[in-house]
Amino acid sequence: MTAGKAERPRPKRALGQNFLVDPNIQRKIVRELDPQAVDVVLEVGPGHGELSQYLVGCCRRLILIEKDRDLAAGLRDRWGDRQDVDVVEGDALRLELSEFVREATAVRVVSNVPYNITSPLVFAFLRLDPAATRIVLTVQREVAERIVAPPGIKAYGALSVGVQAIAGASLAFRVGRQAFRPVPAVDSAVVRLEPRPDAAAVDRAALRTLTRACFNRRRKQLQKTLRTAPELSFAGDVEEVLAQLSIDPAVRPEMLDPPTFVRLAAALQARQGGGAER
């Protein structure tokens, strides 16, 4: 057998693995992240190190979280002798991510997100404590458009509100499916999130309950949803609450911007005496 590089592990369909192989896109993503020397960078799903190779040595510490045992072993073989790189084998959705950045003064996150766990992983990143300065994610294009959607369009929904209520969200650029191996069935896009300084004041559980109730009934007037949605369990004077917030009772949910949803969720929570689901 001819000596050479060890054969890379094949992509595992069960883990939603699609590796980003286009070096130009890899570099664009790292530029979007803009890692600084003081940063702790958390990369989830580093794969073979397609992005990691540009991050090693550019930040104070690089933490690579990889669920796939074979890929994690490859990352340890490549960078395990560096004091500024930690390879963690585990499921990011089951780990307490904040524990890895607890002592950091500045945090950035980058991830090529498996399509089947996009929403829970996005919110896991937005729960980091300390909060990340910037989060750069490669996601399915349709999901990216939902994340950044403004009020009044079809793509705007509970995901849009949930993210934009606590972070600035912008679509950085689109990525064609040919940039990945194996080639996925859909195109992707890179989104940039920058958590807001006042994000901690948002009652995320109350907001989540409200937005799910509203967008599950997006064709109904807001006042009717507030009166009848069983998950809200609101028995107060709906019109009074809406009048105090200067919200038209006949408005449909897709017309309310994220700050208005935040104010409404807080007002309903106050009237219910802390009864929102957590």
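**The sheet and its surroundings**

Guide: In this predicted model, strands β2 (residues 40-44) and β5 (residues 107-112) run parallel and are joined by five bridges. Within this pair, Leu42 is placed opposite Val109 of β5. The two strands belong to an open sheet of seven strands with mixed pairing, whose order is β4-β3-β2-β5-β6-β9-β7. Its edges are formed by β4 (85-89) and β7 (167-175), each of which pairs on one side only. On average, and with direction ignored, neighbouring strands of the sheet are turned by 20° against each other.

Two helices may be described against these strands. Helix α3 (residues 69-79) lies across β3 (61-66) and β4, and runs at about 165° to β4. Helix α6 (residues 141-148) lies across β6 (134-140), β7 and β9 (188-195), with an angle of about 150° to β7.

A further helix, α5 (residues 118-126), contains Leu121. Leu121 has a relative accessible area of 1% and is therefore buried, the cut-off being under 20%. Beyond its neighbours within four places in sequence, Leu121 is in contact with Val44, Ala92, Leu93, Ser111 and Val113. Of these contacts, Val44 falls within the residue range of β2 and Ser111 within that of β5. Leu93 is 28 residues from Leu121 in sequence, yet the C-alpha atoms of Leu121 and Leu93 are 6.6 Å apart in space.

Conventions
Residues are numbered from 1 along each chain as its sequence is written. This is a predicted model: local features need pLDDT of at least 70, side-chain atom pairs count only at pLDDT 80 or more; totals for chains, interfaces and linings use all residues. Side-chain values use heavy atoms; hydrogens and water are left out. Helices (H or I, at least four residues) and strands (E, at least two) are DSSP runs, numbered from the N terminus. Buried means under 20% relative accessible area, exposed over 50%, partly exposed in between (1.4 Å probe, protein chains only). Contact means heavy atoms within 4.5 Å. Two strands pair if DSSP finds at least two bridges between them. Axes are lines fitted to C-alpha atoms, for helices over the stretch in contact, and angles run from 0 to 180 degrees between N-to-C directions.
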